[in-house]
Amino acid sequence: MELFAPITVAQALIYASLLALMGVGVTLLYKTTKVPNFAHASFVTLGGYVNFTLIADFHWNPYFGLPVSFVVVGVESLLLFFLVLEPLRKKKSSIALLMIATLAWHIALLGFLGAYADSLQTYLRVPTRNVVLSHLDFTLAGLPGIFFVSISVTVVAAVALYFAIERTTIGIALRASMENQNLAESVGINTTRMLGVSWFLAAGLAGVAGALLPMWSLLNTSSGDTLIAAMFCVSIVGGLETLYGAFVGGVVLALAQIVGTTVLANVIGTWITGYEPVVPLLLMSIVLMTNPKGIGGMKVWKRFKR
Amino acid sequence: MFEISSLNSGYGKLHILNDVSLTCDTGDLVVVLGPNGSGKTTLLNSIFGFADVFSGTVRFDGEDLTRLASNKISSKGVGYTMQIYNIFSALTVSENLKISAAMAHVPDPKKSVSDALEIFPRLKNFLDRRADTLSGGERQMLAMSITLVKRPKLMLLDEPTGGLSPLYTSKIIETAGQINRELSVSIILVEQNVKKALEVAKKAYLLVSGKIIFEGSPSELLGKEDLLRLYLGAMKV
């Protein structure tokens, strides 16, 4: 009996790539602003609808809109940061309050996206919910284009993020701000600006993940919400203190959720697939109980540190 | 010239400093002494925008620094070496120095870093090491170097010898004196090691319970046996 087909692994790798793009932002924002950002869900959805608009209205290639989604969602996150979070931070609001503020922003954006989807449907006369765009994709070596594009985008994002953060002055300033904001201010770093940079990058990557989503799965106004547990899971499994851990966390969760569930379905019965959404929560619980620092926080990595 | 006038400050509703006034002439090294909890660190935090100023003014070279953001104060030529959490422990020694020089927009950041390393040559051996692997004394050297590479006109040093061995204590305070003399950097030094600090200082203040109760030369303070015994501990002098 074949436990899983090769295409299942390909599906898992696509899912892993998208999760990594989302999760790395959750980790980045946690490290810089110390806030678990619930608005990340709507960042993903907004990215999806920005790209969908370009495809449906302007007939763009589905992959050409990725940079636009990155910028639009990045700018939207700057509004959240500078209009809502920064004034609260200046009043020395608690982390809990900041977290609730991100939730409130998410709910507001959810309402906006619902209204936008309805308006778009009226204007374009095309369905704007439960959108699937895989029919627009190309095929290479029997695999869908999203397989190659999602992995490439994630690898490029990881490498670019590494060089930007480890090798540039802004990256060093960002790491300095993450570690100690008072000291960063005292050496002249504008930490507010650095936090803005981190929000732009984190949200932009979530927007790109959202833009890729309808090429692989359904896009609707609650797409981000259905993935929020997975995003936090990726971030926690990878290690909240380790930026690059999210890329590993994405692979672990995707393999557990897609390949693991497929194997179990073949072994004990297809009824188990109904419990697939439980996998991120289960994995998150196991990691928090056994290794709270996540994979990136494990001692084995210390030898690779400077 | 640096001048604090009638400063009242603290944190939120906690009022710590009461009508504190202090001056530091250009090129001077001023030491602020006082028992634990007297408000010495709050004084430096108030100068640098880390504490809440309720009233009073902080002026430096004719500019009002009161309530400016810390990074703005830094850009005016004021450097602050905090007592704790004064290095970026996850960055390398080299990155710690580079980022400070880059953010200060000094004309030649590389020269600024190499000049700082001439003051603390021991750090040259650890440039590629993460800062959290340094010893206590080396960390303090790095902390002062981070401030020094910005080529400040005024350095605020908060207990730079805290928790260090006698050997490092002497070295650090002597180096503060050297920076003051050779680089003409004005220094406000908060220190517990009274004897060593008074050796390099030109002027001394005694801060007790948030109020200045003495202002004068180190020799004048050394003549006030009652103050030394009551507030500074005769053993340390």
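Which strands of chain B does helix α6 of chain B lie across, and at what angle to β8(B) does it run? I will start there. This is a predicted model, so please hear everything that follows as computed from it.

Helix α6 of chain B, residues 166-182, lies across β3, β7 and β8 of chain B. The angle to β8(B) is about 160°.

Those strands belong to an open sheet of six, in the order β6-β7-β8-β3-β9-β10 of chain B, and its pairing is mixed. At the edges stand β6 (78-81) and β10 (211-216) of chain B; each has a single partner strand, so one side of each has no neighbour in the sheet. From one strand to the next the twist averages 15°.

Now β8(B) itself, residues 186-190. Is this strand largely enclosed or largely open? Five of its five residues are buried, so the rest of the structure largely encloses β8(B).

Next, the partners of β8(B). Strand β7 of chain B, residues 154-158, runs parallel to β8(B) and is joined to it by five bridges. Within that pairing, D158(B) has V190(B) as its bridge partner. Strand β3 of chain B, residues 29-33, also pairs with β8(B) in the parallel sense, over four bridges. There, V31(B) stands opposite L189(B). Moving on along the sheet, β3(B) is joined by four bridges to β9 of chain B, residues 203-208, and these two run parallel. The bridge partner of V32(B) in β9(B) is Y205(B).

Chain B has another open sheet, this one of four strands, ordered β2-β1-β4-β5, with antiparallel pairing. Its edge strands are β2 (14-24) and β5 (63-64) of chain B, each of which pairs on one side only. Strands β1 (residues 2-11) and β4 (residues 52-60) of chain B pair antiparallel over seven bridges. One residue pair to look for is S5(B) with its bridge partner T57(B) in β4(B). Helix α1 of chain B, residues 40-47, lies across β1, β2 and β4 of chain B and runs at about 75° to β2(B).

One loop residue in chain B before I leave it. T133(B) sits in the loop between α4 (109-119) and α5 (136-148) of chain B. T133(B) has 14 other C-beta atoms within 10 Å, so it counts as partly exposed. Its C-alpha atom is separated by 12 Å from that of L123(B), 10 residues away along the chain.

On to chain A, and a pair of helices. How do α2(A) and α8(A) cross? The axes of α2 (residues 40-58) and α8 (residues 191-212) of chain A come within 6 Å and cross at roughly 55°. The two helices are therefore oblique to each other. The crossing is right-handed. Residues making the contact include F43(A), L46(A), G47(A) and V50(A) from α2(A), and A203(A), A206(A), G207(A) and G210(A) from α8(A). By class, this contact has nine nonpolar, seven polar and no charged residues.

Two residues in chain A deserve a look at the backbone. As background, most residues other than glycine have a negative phi. K34(A) is not a glycine, yet its phi is positive, about 65°. K34(A) is in the loop between α1 (6-33) and α2 of chain A, and it is partly exposed, with 13 other C-beta atoms within 10 Å. H59(A) has a phi near 55°, again positive in a residue other than glycine. H59(A) lies in the loop between α2 and α3 (66-90) of chain A. With 7 C-beta neighbours inside 10 Å, H59(A) is exposed.

Last, where the chains meet.

Methods:
Residues numbered from 1 in each chain as written. Chains lettered and ligands numbered in written order. Predicted model: local features only at pLDDT ≥ 70, side-chain atom pairs only at ≥ 80, totals over all residues. Axes fitted to C-alpha atoms, helices over the stretch in contact; angles between N-to-C directions. Parallel < 35°, antiparallel > 145°, perpendicular 65-115°, else oblique. Left-handed = near helix turned anticlockwise from the far one by under 90°. Contact = placed C-beta atoms within 7 Å. Nonpolar A, V, L, I, M, F, W, Y, C, P; charged D, E, K, R; others polar. Buried ≥ 20, exposed ≤ 12 C-beta atoms within 10 Å, placed from the backbone. Pairing = 2+ DSSP bridges.
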